[in-house]
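Welcome, and thanks for taking a look. Below is a short tour that starts with a single residue and then widens to the whole chain.

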Amino acid sequence: MTNNIELTNFIKKNITIEDEDLKIVLSYFKTIKKSKNEILLSTGKISQVSYFVKKGCLRLFFIDDNGKDVTRYIAFENQFATELVSFITNEPAQETIQVIENSELLYISHDDFRHLMQIIPKWKDFYNIYLEKAYVNNSKRLMSFTTLNASERYNQLFKINPNIVKRLPNKIVASYINISQETLSRIKSKI
């Protein structure tokens, strides 16, 4: 378990689980290193893997009808990332998963993830908590797009997740809070 201390801590932070069950869960995760800008999942492919970021950063994005790159989710250390709709429905992904920084990841296949829910009841609890948090985060982001102006969205992002602003290029930050790079530059120059 010490090999995957980050994942161990993340799981234990979300659920109470027996050590034997935790060992079984961890045994299904494999380690992989990926380089900046690599694509882990392309739009149109079926999401068969869920990633846990040990080190680095991943982003999920799509291209809208106007050809604009829209970042929907960013995962840093100690966060999971997958194209969740495709992972759940087994339908082609609407989003792409891209490596933003050289990354060390743990990953589990869709089949193994589902198998764990059958053999470890607490893993189902973990998944439910994960889904609830994903829903809450998406709802809050959607609400911010309709209730906050560009400057307020930037300030909220900096308060909630300063890593996004500090570690990522302006292009991705602007895409994440749904503003232009020029607007982001103006906001940053006033701070």
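Let's begin with Asn90, which is partly exposed at 42% relative accessibility; here buried means under 20% relative accessible area, exposed over 50%, and partly exposed in between, with a 1.4 Å probe and protein chains only. Asn90 sits in the loop between helix H3 (84–89) and strand E6 (96–109). Its phi is near 65°, a positive value in a residue other than glycine.

Asn178 also has a positive phi, of about 60°, although it is not a glycine. You will find Asn178 in the loop that lies between helix H8 (170–176) and helix H9 (181–190). With a relative accessible area of 36%, Asn178 is partly exposed.

## About the model

Please keep in mind that this is a predicted model: local features need pLDDT of at least 70, side-chain atom pairs count only at pLDDT 80 or more, and totals for chains, interfaces and linings use all residues. Residues are numbered from 1 along each chain as its sequence is written, and side-chain values use heavy atoms, with hydrogens and water left out.

## The fold as a whole

The protein chain has nine helices and six strands; these are DSSP runs numbered from the N terminus, with helices (H or I) of at least four residues and strands (E) of at least two. The chain is as compact as a globular protein of its length, because its radius of gyration of 17 Å is close to the 16 Å that the globule rule gives for 191 residues. That radius is taken over C-alpha atoms, and the rule is 2.2 Å times the number of residues to the power 0.38. Along its principal axes, the C-alpha trace spans about 55 × 35 × 30 Å.

Of the 191 residues, 41% are buried. Among contacts (heavy atoms within 4.5 Å) between residues at least 6 apart in sequence, 69% join residues at least 24 apart.

His115 belongs to helix H4 (residues 110–119) and is partly exposed, with a relative accessible area of 35%. His115 and Tyr28 are 87 residues apart in sequence, yet 9.8 Å apart in space, C-alpha to C-alpha.

Helix H5 (residues 121–147) has 27 residues and reaches 39 Å from its first C-alpha to its last, close to the expected 39 Å; the expected span is 1.5 Å times one less than the number of residues. Which residues of H5 are buried? They are Trp123, Phe126, Tyr127, Tyr130, Arg141 and Ser144.
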